[in-house]
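Welcome! Let's get to know this structure through a few questions and answers.

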Amino acid sequence: MATTERPANVGILAMEWYAPQTYVAQTSLEEQDGCGGKYVVGLGQEAMAFVDDREDIGSRKAPAATTLDAFDHCVFHAPYNKLVQKGFARLALGDDVLAGRVADPPAADWCAAGAAPYEASLADRGLDAALRKASAGAYDAKVAPATLIPKQIGNTYTASVFAGLLSLVADRGDALAGKRVLLFSYGSGSVATMYAFKGREADDAKFALGETRRVADVPARLAARAPCSAAHFARACDVRVERYGKPGYAPTGAAETDGAAPVPLAADAFALAAVDDKHIRSYVAPAN
C-alpha cells in the first residue's frame, strides 16, 4: 500500500575523509621553482599533499566500499582555489543579470573592466578581477567555509567537491541544520552536476552534523601532518617515476633526501607492502 510518509535518515548521514600525512607548502615550491607568489597568490593554494611509494591507487581504494541568494552555503569542485573564486564570481554576475541588477554585460560604472561582449568577457582579466572583488563579501560568507581541505591538500578530482562539503561540516557543524547548501561539481569535459540539500537535525545522535564534525576532526588532522621540503617532494615524485611498472621491490618511503626516517602513515591508512616479480601487489591493513 502506498504511503506519503517521508522516510527517515535518508541523505548524507556521516562522512569520512583521508589525507596523506605529508605535504609541501606552496611557498616552499615557489622558492624551489623561482616563482614567488605564483602558487599562493596566483592559484590561491596554501599546501599540497603527496604520498611516497608506500601508498598508491590500490591502497587508497582499499577502505572504500537556482540562484545563489537561495542558498546559505556553496560548495564547488576545486582543482585550485582561485578557480572556485572565479566560478562563484561568475555565478554571482549571472544572478545580478537575471535579477536586473546589472546589464549583461556589466556597465562601465559597475566594474572597472567595463562592458564586453560575452565571449570576450570570458577572457577579460580585468572583468574577472572586478567580479571577484564585487562578490568577495558573499564568497567569504557562503563559500570560504567549504575550502579548507581542498586548499590544504590540492586537487582530488572526483572527491574534491565532497572534500569541500566536509570542510563546511567541519566549520559549521550543527549550525548547518536548516541551512540550504548548493554543490557544484564539474570536470574538464561537457558534463557538470549542480544539486542542493538542506542540513537537518538527526534523530540519532551518531548521525548529527556536530558528531560528524567531531569524528572527522579536520583541523587537528591537517595540523598533525608533517611539512616537507620541496626537495623531499621532488624525490618522492622521482621514486614514483623510477619504479613505475617495475616488479620486485618493497617501498621504503621517500626520506632519502633528508636522511631521516619516513614520516609515519596515518593510523587508518592501508599501505603498499611489496610488488613481487609477477607485478602482484600486496598491502598492509591498518592496525586498528
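Q: Is Phe76 buried or exposed?
A: This is a predicted model, where local features need pLDDT of at least 70, side-chain atom pairs count only at pLDDT 80 or more, and totals for chains, interfaces and linings use all residues. Residues are numbered from 1 along each chain as its sequence is written, and side-chain values use heavy atoms, leaving out hydrogens and water. Buried means under 20% relative accessible area, exposed over 50%, and partly exposed in between (1.4 Å probe, protein chains only). At a relative accessible area of 5%, Phe76 is buried.

Q: How many aromatic pairs does the structure hold?
A: Rings of Phe, Tyr and Trp (its six-membered ring) pair if their centres lie within 6.5 Å; planes under 30 degrees apart count as stacked, over 60 as edge-to-face and the rest as tilted. By that rule, the number of aromatic pairs is five.

Q: What kind of pair do the rings of Phe76 and Phe88 make?
A: Their centres are 6.3 Å apart. Their planes stand at 85 degrees, so the pair is edge-to-face.

Q: Which parts does the pair of Phe76 and Phe88 tie together?
A: Helices (H or I, at least four residues) and strands (E, at least two) are DSSP runs, numbered from the N terminus. The two residues are twelve apart in sequence.

Q: What is the relative accessible area of Phe88?
A: Phe88 is one of the buried residues of helix 4. Its relative accessible area is 1%.
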